Amino acid sequence: MNEKEKALRAVQEYDFQCIEAGLYLDSHPSDREAMNYFNASREALAGAVRTYEKCYGALSYSGNINTADCGWNWVSTPWPWEE
């Protein structure tokens, strides 16, 4: 697995953690430990997304960075699953 694949895998893992914790919290909204886990996972996901997008390009429209410098570059870089 190369570095790009590792970075994308980290995004996927943290995203999965957030989804699962969110589903659990739907039925256990006062579970403080689960809420802490969700918040930690959310922060880790945001960091993983920032790292990936800085190195390899946007994962979504909201990740289309540097629009002031080089215009709308969403479609000018390879999609995450391409290579």
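Trainee: Helices (H or I, at least four residues) and strands (E, at least two) are DSSP runs, numbered from the N terminus, so where is the place of Glu5?

Mentor: Glu5 is placed in helix H1. Before we go on, this is a predicted model, where local features need pLDDT of at least 70, side-chain atom pairs count only at pLDDT 80 or more, and totals for chains, interfaces and linings use all residues. Residues are numbered from 1 along each chain as its sequence is written, and side-chain values use heavy atoms, with hydrogens and water left out.

Trainee: Got it. What is the mean pLDDT of the protein?

Mentor: The mean is 85, and 76% of the residues reach 70 or more. pLDDT is the predictor's confidence in each residue, from 0 to 100.

Trainee: And where is confidence lowest and where highest?

Mentor: Helix H3 (residues 67–70) is lowest, at a mean of 53, while helix H1 (residues 3–27) is highest at 96.

Trainee: Let's stay with H1, then. How many residues does H1 have, and how far does it reach?

Mentor: H1 has 25 residues and spans 37 Å from first C-alpha to last, close to the expected 36 Å. The expected span is 1.5 Å times one less than the number of residues.

Trainee: What caps the N-terminal end of H1?

Mentor: Asn2 does, with a side-chain oxygen 3.1 Å from the backbone nitrogen of Lys4.

Trainee: Speaking of Lys4, is it buried or exposed?

Mentor: Lys4 counts as buried because its relative accessible area is 13%. The cut-offs are under 20% for buried, over 50% for exposed and partly exposed in between (1.4 Å probe, protein chains only). At 43%, Glu5 is therefore partly exposed.

Trainee: How far apart in space are Lys4 and Tyr56?

Mentor: Their C-alpha atoms are 7.2 Å apart, though the two are 52 residues apart in sequence. Glu5 and Trp81 are 76 residues apart along the chain, with 9.1 Å between their C-alpha atoms.

Trainee: New topic: which residues make up the largest nonpolar core?

Mentor: Ala7, Leu8, Val11, Cys18, Leu45, Ala48 and Tyr52, 7 residues in all. A nonpolar core is a set of buried Ala, Val, Leu, Ile, Met, Phe, Trp, Tyr and Cys residues joined through side-chain atoms within 4.5 Å.

Trainee: And which residues is Cys18 in contact with?

Mentor: Leaving aside neighbours within four places in sequence, Cys18 is in contact (heavy atoms within 4.5 Å) with Phe38, Ser41, Arg42 and Leu45.

Definitions and conventions
A polar contact is a pair of N or O atoms within 3.5 Å; within protein, one must be able to donate a hydrogen and the other to accept it, and residues adjacent in sequence count only if both atoms are side-chain atoms.
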